[in-house]
Amino acid sequence: MIETHGVSKRFGYRLALESVDLRIKAGELVALLGPNGAGKSTLLRILSLLTRPTVGEVVIAGFHLPMQASAARAEIGFLGHQPLLYGELSASQNLAFYAGLYRVKRPEARIKELLKLFDLQFRSNEPVRTFSRGMQQRLALARAVLHGPNVLLLDEPHSSLDRETVAILDELLQAQADKGTAILMATHNLLHAQRLAQRVELLVAGCLAASWKRSQFASKQFLALYDRTLRRAQTGAHRD
């Protein structure tokens, strides 16, 4: 569902990503770990068609980018650092706008379902600019899954959420994976990765430095292994 081959991204003289090869199957939830500045958000923005790689190939749900960008875009649900919501519109109006873009069937029922799921039904007619950061994050998550995408790209989805909403999100992500959705979740939180992911990828200085299966990262010793691997990768990057 998600494939990259030799993807690199350069911003002027700075190489943000270098020769990234990644494959995520249908129904697989992969956690993308790494320090600040590793390139996690850049990779997600490339996969979500918000920016283009300098070189390399990207395939989303069988569609090759950028040639088949329109078809691929309909398959993607994206949550970035910005909620991509309109502050003057209400929660219901925001979701209705995106439902129209994605041609969601029975949009009113779907919007009502998601507002209830994320406990926003009682504020559904208020301007989003009056919402707290956590409430905006909940609405942004509703926006991301509104059209039932086959690919979910999530950048720190648990950010600003209270414990109850974290549990709702975790249950939602597990249900999406069970339905066959391919999910790539960038996170700094090892506990979230251990709880949800089937595989963990470590990105350091724009390069994929390690990949661990669930049997490896679910153990209590994983934190020490992660720290050792990260230090080695950072030392190697600095030497280069």
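**Salt bridges in the predicted model**

The side chains of Asp170 and Arg195 form a salt bridge, with N and O 2.7 Å apart. This pair joins distant parts of the chain. Asp170 belongs to helix 6 (residues 163-178), and Arg195 to helix 7 (residues 190-196). The two residues lie 25 residues apart. Asp170 is at 10% and counts as buried, because the cut-off for buried is under 20%. Arg195 has a relative accessible area of 41% and is partly exposed.

The structure is a predicted model. In total, six salt bridges were counted in it.

Arg199 forms a salt bridge with Glu28, and the closest N and O atoms are 2.5 Å apart. Arg199 is buried, as its relative accessible area is 13%. Glu28 is also buried, at 9%.

Arg199 has another partner. The side chains of Glu201 and Arg199 meet in a salt bridge at 2.7 Å, N to O. Both of these residues are buried. In general, side chains of opposite charge can pair when their charged atoms come close.

Methods: Residues are numbered from 1 along each chain as its sequence is written. This is a predicted model: local features need pLDDT of at least 70, side-chain atom pairs count only at pLDDT 80 or more; totals for chains, interfaces and linings use all residues. Side-chain values use heavy atoms; hydrogens and water are left out. A salt bridge is a side-chain nitrogen of Lys or Arg within 4 Å of a carboxyl oxygen of Asp or Glu. Buried means under 20% relative accessible area, exposed over 50%, partly exposed in between (1.4 Å probe, protein chains only). Helices (H or I, at least four residues) and strands (E, at least two) are DSSP runs, numbered from the N terminus.
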